[in-house]
Amino acid sequence: MPVPAEASPDALDRFLAGVERRAFRMARIALGDEEDALDAVQDAMLSLARRYARRDPAEWPALFHRILQNRVRDMARRRAVRRRFMALVPWRREAPDEVLDPVAEAPDPAPGPDAQADQGALLAALEAALHELPARQREAFLLRSLEGLDVAATAAAMGVSDGSVKTHYFRAVQALRTRLGEEFP
Amino acid sequence: MNLDEEDRAHAEFARRAGALLREDAERLDGATRLKLARARAAAVEEARRPAWSWLLCMAPAGAVAASVIALLLLMREPRLEVTPFQATAPQDFELLADGEAWELSQEEDFGFLEWAAAMAELDSGGG
């Protein structure tokens with residue numbers, strides 16, 4: 001996406017408007033929960049505005065995604081700890097809404113042509129497969145394929161080397177193709 | 001499938017998956033879009049604040065912190081405490097030192113006491 005040349009609140013508004021939906025999708029795939037995903041995106045937006053609003057806008061994409069990925073990782077870690085703790089509590093088993101059901105989580109396919117229903121099912125399968133990937137592989141795949149960042153920007157967003165991004169991305173594609181081979185020819 | 005074909009298949013898969021996810025991202029429901037817009041507005045509002053505004057935000061917190069520190073200092077002000085040593089009056093030392101008087105009172109030598117009283121009367125009468 002085009003990045004504004006000069007840092008200003010309006011430029012930041014345009015930048016965030018351009019990335020917010022894809023950022024939300026990424027967070028939702030990683031966390032499997034809409035509210036948590038919204039919280040993560042909101043936190044990332046605020047954090048970018050507070051700390052980096054005056055930085056060169058060319059740096060915003062990598063900074064924003066780095067903040068977002070860190071936030072998503074923190075939330076996922078916290079939820080994993082909470083889930084482990086809750087599993088030990090005999091009188092409170094995991095609430096049903098904490099379990100990711102890829103079919104239930106999938107967006108409602110728009111009524112109409114069969115093709116759209118097929119696309120909904122395909123998307124659900126893809127999201128479920130992405131959710132199953134190791135976090136780093138998922139991040140590399142989503143930042144490259146969904147967000148369209150290049151290797152260097154993805155590396156900056158993930159805080160790893162270019163080589164590491166290439167490895168994670170390759171493994172992610174391989175794993176997704178293996179899993180979705182039938183559904184995603 | 002050779003290496004080039006494999007690479008092409010990988011790239012094609014990633015392209016299609018990315019396109020599918022992007023399309024879906026653009027089709028978010030209205031409620032989610034509204035929440036995202038609100039979050040963005042809050043973030044932009046934050047960016048519009050002058051750089052020194054955090055000092056204003058910190059002012060109430062600073063006042064509270066100063067009050068707490070002052071309170072703690074007041075509570076720690078040294079008090080005039082009465083230690084056991086200071087409570088001991090000089091006459092108590094005299095009593096302790098005058099162990100003989102105590103022993104005399106314990107002996108109950110009434111004969112001596114009567115004699116001493118009689119001598120004291122004689123002294124006052126004859127004197």
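What pLDDT does chain B average, and what share of the residues score at least 70? Chain B averages a pLDDT of 77, and 65% of the residues score at least 70. The model is predicted, and the predictor gives the complex an ipTM of 0.76 and a pTM of 0.65. Among the elements of chain B, the lowest mean pLDDT, 55, belongs to helix 4 (residues 84–87) of chain B, and the highest, 93, to helix 2 of chain B.

## The two chains

Chain A contains 8 helices and 0 strands, and its pattern along the sequence reads α-α-α-α-α-α-α-α. Chain B contains 7 helices and 0 strands, and from the N terminus on its elements run α-α-α-α-α-α-α. Of the 185 residues in chain A, 35% are buried. In chain B, buried residues make up 8% of the 127 residues.

In chain A, 58% of the contacts with a separation of 6 or more are between residues 24 or more positions apart.

| Helix pair | Axes come within | Crossing angle |
|---|---|---|
| Helix 6 (residues 135–146) of chain A and helix 8 (residues 162–180) of chain A | 8 Å | roughly 90° |
| Helix 2 (residues 34–52) of chain A and helix 2 of chain B | 8 Å | roughly 20° |

Take the pair inside chain A first. The axes of helix 6 of chain A and helix 8 of chain A cross at roughly 90°, which makes helix 6 of chain A roughly perpendicular to helix 8 of chain A. On the helix 6 side, the residues that meet helix 8 of chain A are A:Arg136, A:Gln137, A:Arg138, A:Ala140, A:Phe141 and A:Arg144. Their partners in helix 8 of chain A are A:Val165, A:His168, A:Tyr169, A:Arg171, A:Ala172, A:Val173 and A:Ala175. By class, this contact has 7 nonpolar, 2 polar and 4 charged residues.

## Where the chains meet

The contact between the chains takes 30 residues from chain A and 24 residues from chain B. On the side of chain B that touches chain A, the elements giving two or more residues are helix 1 (3–26) and helix 2 (30–48) of chain B. That side of chain B has 13 nonpolar, 3 polar and 8 charged residues.

How are helix 2 of chain A and helix 2 of chain B oriented, roughly parallel or roughly perpendicular to each other? Their axes cross at roughly 20°, and the two helices are therefore roughly parallel to each other. Helix 2 of chain A passes helix 2 of chain B in a right-handed crossing.

Helix 2 of chain A brings A:Glu34, A:Leu38, A:Val41, A:Gln42, A:Met45, A:Leu46, A:Leu48, A:Ala49 and A:Arg50 to this contact. Helix 2 of chain B meets them with B:Thr32, B:Lys35, B:Leu36, B:Ala39, B:Arg40, B:Ala42, B:Ala43, B:Val44, B:Glu46 and B:Ala47. Sorted by class, the contact between these helices has 12 nonpolar, 2 polar and 5 charged residues.

## One residue of chain A

A:Asp74 lies in helix 3 (residues 60–88) of chain A. Is A:Asp74 buried or exposed? A:Asp74 counts as exposed because it has 12 C-beta neighbours inside 10 Å, and a residue with 12 or fewer is exposed. From C-alpha to C-alpha, A:Asp74 and A:Ala40 are 9.5 Å apart in space, while 34 residues separate them in sequence.

Methods. Residues numbered from 1 in each chain as written. Chains lettered and ligands numbered in written order. Predicted model: local features only at pLDDT ≥ 70, side-chain atom pairs only at ≥ 80, totals over all residues. Helix = DSSP H or I, 4+ residues; strand = E, 2+ residues; numbered from the N terminus. Buried ≥ 20, exposed ≤ 12 C-beta atoms within 10 Å, placed from the backbone. Contact = placed C-beta atoms within 7 Å. Nonpolar A, V, L, I, M, F, W, Y, C, P; charged D, E, K, R; others polar. pLDDT = per-residue confidence, 0-100. Axes fitted to C-alpha atoms, helices over the stretch in contact; angles between N-to-C directions. Parallel < 35°, antiparallel > 145°, perpendicular 65-115°, else oblique. Left-handed = near helix turned anticlockwise from the far one by under 90°.
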